[in-house]
Protein chains: 6
Amino acid sequence: MTDFDPPTPYLRDLVARALDEDLGLLGDITSIACIDDAAKSDGAFVARDAGVVAGTAAAAEVYRQVDGAVVLAWDLADGDRCAAGDTIGRLHGATRSVLAGERVALNLLSHCSGIASLTRSCVDAVGPEVRLRDTRKTLPGLRPLQRAAVRAGGGYNHRDSLSDAVLIKDNHLAGASIADAVARARAQWPGRIVEVECDALDQVRAARDAGVDVVMLDNMRPAQVGDAVEVVAGACLVEVSGGVTLDSLPAYARARPDFISLGAFTHSAVALDIGLDVA
Amino acid sequence: MTDFDPPTPYLRDLVARALDEDLGLLGDITSIACIDDAAKSDGAFVARDAGVVAGTAAAAEVYRQVDGAVVLAWDLADGDRCAAGDTIGRLHGATRSVLAGERVALNLLSHCSGIASLTRSCVDAVGPEVRLRDTRKTLPGLRPLQRAAVRAGGGYNHRDSLSDAVLIKDNHLAGASIADAVARARAQWPGRIVEVECDALDQVRAARDAGVDVVMLDNMRPAQVGDAVEVVAGACLVEVSGGVTLDSLPAYARARPDFISLGAFTHSAVALDIGLDVA
Amino acid sequence: MTDFDPPTPYLRDLVARALDEDLGLLGDITSIACIDDAAKSDGAFVARDAGVVAGTAAAAEVYRQVDGAVVLAWDLADGDRCAAGDTIGRLHGATRSVLAGERVALNLLSHCSGIASLTRSCVDAVGPEVRLRDTRKTLPGLRPLQRAAVRAGGGYNHRDSLSDAVLIKDNHLAGASIADAVARARAQWPGRIVEVECDALDQVRAARDAGVDVVMLDNMRPAQVGDAVEVVAGACLVEVSGGVTLDSLPAYARARPDFISLGAFTHSAVALDIGLDVA
Amino acid sequence: MTDFDPPTPYLRDLVARALDEDLGLLGDITSIACIDDAAKSDGAFVARDAGVVAGTAAAAEVYRQVDGAVVLAWDLADGDRCAAGDTIGRLHGATRSVLAGERVALNLLSHCSGIASLTRSCVDAVGPEVRLRDTRKTLPGLRPLQRAAVRAGGGYNHRDSLSDAVLIKDNHLAGASIADAVARARAQWPGRIVEVECDALDQVRAARDAGVDVVMLDNMRPAQVGDAVEVVAGACLVEVSGGVTLDSLPAYARARPDFISLGAFTHSAVALDIGLDVA
Amino acid sequence: MTDFDPPTPYLRDLVARALDEDLGLLGDITSIACIDDAAKSDGAFVARDAGVVAGTAAAAEVYRQVDGAVVLAWDLADGDRCAAGDTIGRLHGATRSVLAGERVALNLLSHCSGIASLTRSCVDAVGPEVRLRDTRKTLPGLRPLQRAAVRAGGGYNHRDSLSDAVLIKDNHLAGASIADAVARARAQWPGRIVEVECDALDQVRAARDAGVDVVMLDNMRPAQVGDAVEVVAGACLVEVSGGVTLDSLPAYARARPDFISLGAFTHSAVALDIGLDVA
Amino acid sequence: MTDFDPPTPYLRDLVARALDEDLGLLGDITSIACIDDAAKSDGAFVARDAGVVAGTAAAAEVYRQVDGAVVLAWDLADGDRCAAGDTIGRLHGATRSVLAGERVALNLLSHCSGIASLTRSCVDAVGPEVRLRDTRKTLPGLRPLQRAAVRAGGGYNHRDSLSDAVLIKDNHLAGASIADAVARARAQWPGRIVEVECDALDQVRAARDAGVDVVMLDNMRPAQVGDAVEVVAGACLVEVSGGVTLDSLPAYARARPDFISLGAFTHSAVALDIGLDVA
């Protein structure tokens, strides 16, 4: 059960752009000059470090576009843990094609697996009762791919875009009360989730009373989060956002919000080292 | 003197895609519901951490596309150092427009500035006599933007794509001698740079004798690099690639190669924390 | 408070394609030949029939693209009712530009207003306690625009695409129990809405017990719908889908489901007759 | 003999966009979670109502894009009449793929067949001596597809875009005589058809004398059309446009114009009900 | 009276692609390094050779895209003759912008003017009674632009694409008679022009009797063309195609066909030398 | 060893656009009407004139897109000389598909081969010691394809775009000294080639002393070129540009610059006559 199967137009476009960027206008001029076009090779994607795998559908799409005759099989799926030295997948085909797709496939696998690995380590740190979510702090053009990697690491996704859900922040109030802003949003956008960002308990109370779906606690300390959870008392969901580090994550989790959201999953994950061994 | 001025079609497309992703099909539904379309605001991009600024042209393009009437002025330029609390740029315009572009502009600025900051700290660590270069280990669709950020941090760029230069690796030899491979590449692609990856001194000698432009030393220890530099003796340029960490960077630099290339600049840089203060 | 303000990349692309189609490769060759390029005109969008207005943002985008100097002001907004003869909006600018955008603007306004008018008449027929929703039976490329028109008519929107929510139908069960299918979906797609299509009461019970978010009653008669609503007893939401006509709508509404969804809003709405009077 | 065979880039793009819209960023998440990726199914497109089939090439393109391994065969071709219950086409392939393309294929088939059915009923009502044409009142992005459906129903096509032919209306005259306007158009656009819209007999005479190719009678009653046909006396073609309803169509036809054009074919056709039976 | 006014989506895309190609990913790096961004310049497009001007709308679109603040005025219009030294147009704006658009604007102007100049010299050679047409032998992506240039030179356009008109050649007959092929085409594509390629007089007679709109004489000598014109005797139009050179053009013209079509207009025109003088 | 193998995204897009342009919205309506969809044909690309072949990868891509089942084999490769009557390649497949791709494939082959043929004749005229280069005077959208054709003819390529290398001309100096301009460019764009255009010997000296990579001699006579080569004395490369004709080429070559660049290769090459024989 893999995301992007069959590949969506989004994934196809993303991969086409990445190949365009890496192949340039002429293609791999080194291979064109040096490698016989009848030569065949085997390749193996091998983890050089331990982590969680993600991005296999994107890597598969790379080879589908480069050369439909390359055969690719996966030993590990998105969400699986890998140790250093583990083979993630194997491919066979024209050497030129294997090499033409190598860098783009690795760039995709390494980035996605880096996100999944970071997410998984955070999810393990907080335990099953608090859900970790990503944010809109993603890299341009990569949001859906990055979000699939967050899920592969055990995380959850926040709203996809500004069109999906209402999230009222300070700047949206502009003097209006939370109750008024929520009412306007409900009237204009029936059927959408409404969330309100709060930085003090009286705002939390106002949001709860206005019947929001989620209260977002912005830059509160863990103790304040505990108070807010008590104030809400299950009337809506509670999300912690801002100022959470890997160190403070357990303390926040102990305050029992429904969600903690972390921008670092998508803006600061370190790539997982993965290589392609060609024989 | 800023890159991307006037904005190239590449930059416009990148920003359009990023906005598409973040605005979704309908736009910022929260602002549409809550903010009067005549309201105006001032905003300031403020660094929350110290680093090197990059990505200003991309952030400017965001607001050009969202609403051409937003006025944007920069206090700092690409390549400038910033301290925590420094204002990087200021904007004024319709509140709806200021908010509609906020997240995409910040995502671009933070990512580029993160790359520039990491690059600058490495460049400072090796001193002026060794040039640091990026690699093709970039994120899909972001290569030109990431490379401009590397330059803003004092780094240099490697070949843009597989079409730009010949780089002969083990897999390209397939039994042929380095001399033969270089000859075939020179014949097929007149006027291009030819570089050969070597992992032993005899390969370095062979490459030098074949008249390559650059020898790339793959995963050699600093002492081996010193030997190779001696072997080459200025007959061509020498590049170190693979296995270099921030810790080992100075040791490699002391061996005096012409270039050291680092994938981490573009695949593992941590975002610089930058926010938008709206008033 | 209008959707698509400022215009999203989706709306811009849709309008660009529509203009491309209507202007052809050369543009309005009749105007180029016959109309002085300095001539100016006033125009008025006038309803020739009664209904509900929608699509104003799209029509505005048409003129923004054709000629940014055309001035356009709206007398009526999306969701407003109009009588035959009412002026919906007024424009002023170069005659060539007014005419170049005329047909595309009218095609967009008429189609959207046709949808809003049909939706409104249905919404009025069922009263405020049952929500009417659209479906995925939309015209290729027009879904977001059509859905905004449904909202303008007082309707609600179903899932935007197959990626947004889980909707388990007969074909997805393939021998598995509803409980198993729901469990697999919850595990694979945490945080998404899960809906199950049912055509008998025991399926409704199974879905309710599996903890779904919505039960969809497929092609049931109004009396069966009443039974299902009783079975569910508020444990989840109930949606009626399939086989509902304008005639049978009130009978279904009396059974008090939460939603009734109607494909006709988007696949069979008749255009509202709107013209452009030029002076 | 089918239009769009092999599929043109236009058709491919239209279908790609429609799939993008319906699959979203991740694809059919319900099938990914619930259906084994090795499962196979048979499907049949079945008419639920009587009408005329159109859009088969578009539906075929849907499955070509979703999964090239799906096999699709048509029992009926564009232009064939179908009764309720008739099988239009059959397909076999991976269940996930069959379902992933279902809605888009049906949306295309139903819309096109609705247009063809309406056109055919009008063509049958006027008999073979008057040709019925569509107009530029089409839906954004769908014009070529809708026009193929009009032909499948026995209708004819008007100019494709503003670039194709000169059509001089009141707004183009702006004080000039018809003779002058026609002369300017002939000079500027040699080799193009020139048509003039007339709402009175003296305009018809002027257009005839100016040597136009077609006279378009705008919003005239049937008796006036008869007078105009007499005035023209075969010197050019005569087209009736505007104000024609299904009821008044025969009366207009009896006046023997060469063409009657009807916007309703493309802006107000009701979808033909077609379903996909999966086994 | 200029084509492409206002600029169509086709023209915008063509120019965007050309700029993308010439500016590359970063833009004019020389100007970014060397020219103050506040500097202003005047420029003049000057013919270095005599000819006929074309492509002004495309050159204008270049500057509209590079920098909307550049002011551009034309001394000459499409279709005007120019002598060496004549100023075609003048521009004023930021020096960086003037230079960023220079090469693309000149490439467009020179190519179009080269086509217009060649066409004009041929049109002058045959006199007003025979129309010269272009063919489908155009350069990829440039057809509409090239055809506008042919018109600027006094020529006429053939069918735009394979979708526009029926042109039956030997390969389409495949054993069928001309009468049968024409009948099938008329039935399948009502309302389209039907042309038949003939290489002998009996084929000309058959085509005439089948009621075609145009007979195309393929690779016939001038005397044979004269015979064919006599055979047709005005029953349809006669076109000469293939084997016509600038030398033989007058001889063909004297045989009085309706059209002579020449591929050289669009596949082999030499650029008109035009430069940009900057001050 | 062919460029564009496997085909790059650039080549795919170029061919897709060319097919879009030639097939139009419906495809080859003549073949749809007249040719049985089961009919098969053989075809041969045959040179009607002597020259040098180029563009085979583009022609192959045409048929890959039109119909993947068409089999295509090449008798000659890019860079091979052909005589009139020589078969360049052969294809077999559905007759409809063979004809649908014919014109676009021929347009590409003829244009590229025309460029290669002209380049080769110039290369032969100057001998092996001077390299001939193309310029940025290319046709919009065709630059990479044209440049591959130049290489097939034995020529070399200049910078691909304004982003690739620094080329300082008069307009960039604006009062600054060459030394200053070069210094600014080196600082802003580390690692790029810097070339300076000179029209007098003192500029040549200044550029040489500033340490540029290439001196471009603009519109100098052959004798002046000889002087400049002496002044430079190997300190950098010397390029001749502007005012070179086929007649004056040998005289320039005798002055021994490193490069002579010629715009005519790409803006004024005459198509090589190539046809498709179908049986």
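Bear in mind that the model is predicted. Chain B and chain A bury about 4900 Å² between them, while chain B and chain C bury about 1100 Å². Inside chain A, the two assigned domains bury about 1300 Å² against each other.

**Chain B against chain A**

- The contact takes 57 residues from chain B and 57 residues from chain A.
- Carbon and sulfur atoms account for 58% of the area buried between these two chains.
- The interface has 4 salt bridges, and A:Arg143 with B:Asp22 is a salt bridge whose closest N and O atoms sit 2.8 Å apart.
- Polar contacts link 36 residue pairs between chain B and chain A, counting pairs with both residues at pLDDT 80 or more.
- On the chain B side, the elements giving two or more residues are helix H1 (9-23), helix H2 (29-34), helix H4 (95-126), helix H5 (143-152), strand S7 (166-168), helix H6 (170-173) and helix H7 (178-188).
- Sorted by class, the side of chain B that touches chain A comes out as 29 nonpolar, 15 polar and 13 charged residues.

**Chain B against chain C**

- Here 14 residues of chain B are in contact with 12 residues of chain C.
- Of the area these two chains bury, 61% is on carbon and sulfur atoms.
- B:Leu25, B:Leu26 and B:Ile32 are the chain B residues that lose the most area to chain C, and together they make up 51% of what that side buries.
- H1, H2 and helix H3 (56-66) of chain B each put at least two residues into the side that touches chain C, with H1(B) giving the largest share at 4 residues.
- That side of chain B holds 8 nonpolar, 3 polar and 3 charged residues.

**Chain pairs without contact**

- Chain B and chain D have no contact, and their closest C-alpha atoms are 10 Å apart.
- Chain C and chain F have no contact either, again with closest C-alpha atoms 10 Å apart.

**The two domains of chain A**

- Chain A is assigned domain 1 (9-120 + 270-278) and domain 2 (127-267), and the domain centres, taken over C-alpha atoms, are 35 Å apart.
- Domain 1 brings 17 residues to the contact and domain 2 brings 16 residues.
- Carbon and sulfur atoms give 74% of the area buried between the domains.
- On the domain 1 side, A:Tyr10, A:Ile115 and A:Thr119 lose the most area to domain 2, together 41% of what that side buries.
- Between the domains there are 0 salt bridges and 3 residue pairs in polar contact (both at pLDDT 80 or more).
- Helix H1 (9-23) and helix H4 (95-126) of chain A each supply at least two residues of the domain 1 side, and H4(A) gives the most, with 8 residues.
- The domain 1 side has 12 nonpolar, 3 polar and 2 charged residues.

**F:His158**

- You'll find F:His158 in the loop between helix H5 (143-152) and strand S7 (166-168) of chain F.
- F:His158 counts as buried because its relative accessible area is 11%, under the 20% cut-off.
- Its side chain makes a polar contact of 2.9 Å with the side chain of F:Glu239.
- Leaving out residues up to four places away in sequence, F:His158 touches F:Arg133, F:Asp134, F:Arg147, F:Glu195, F:Met216, F:Glu239 and F:Ser261.

Key. Residues numbered from 1 in each chain as written. Chains lettered and ligands numbered in written order. Predicted model: local features only at pLDDT ≥ 70, side-chain atom pairs only at ≥ 80, totals over all residues. Heavy atoms only, no water. Contact = heavy atoms within 4.5 Å. Buried area = accessible area lost by both parts, 1.4 Å probe. Salt bridge = Lys/Arg side-chain N within 4 Å of Asp/Glu carboxyl O. Polar contact = N/O pair within 3.5 Å; in protein donor to acceptor, adjacent residues only side chain to side chain. Nonpolar A, V, L, I, M, F, W, Y, C, P; charged D, E, K, R; others polar. Domains from an automatic or database assignment. Buried < 20%, exposed > 50% of the residue type's maximum accessible area, 1.4 Å probe, protein only.
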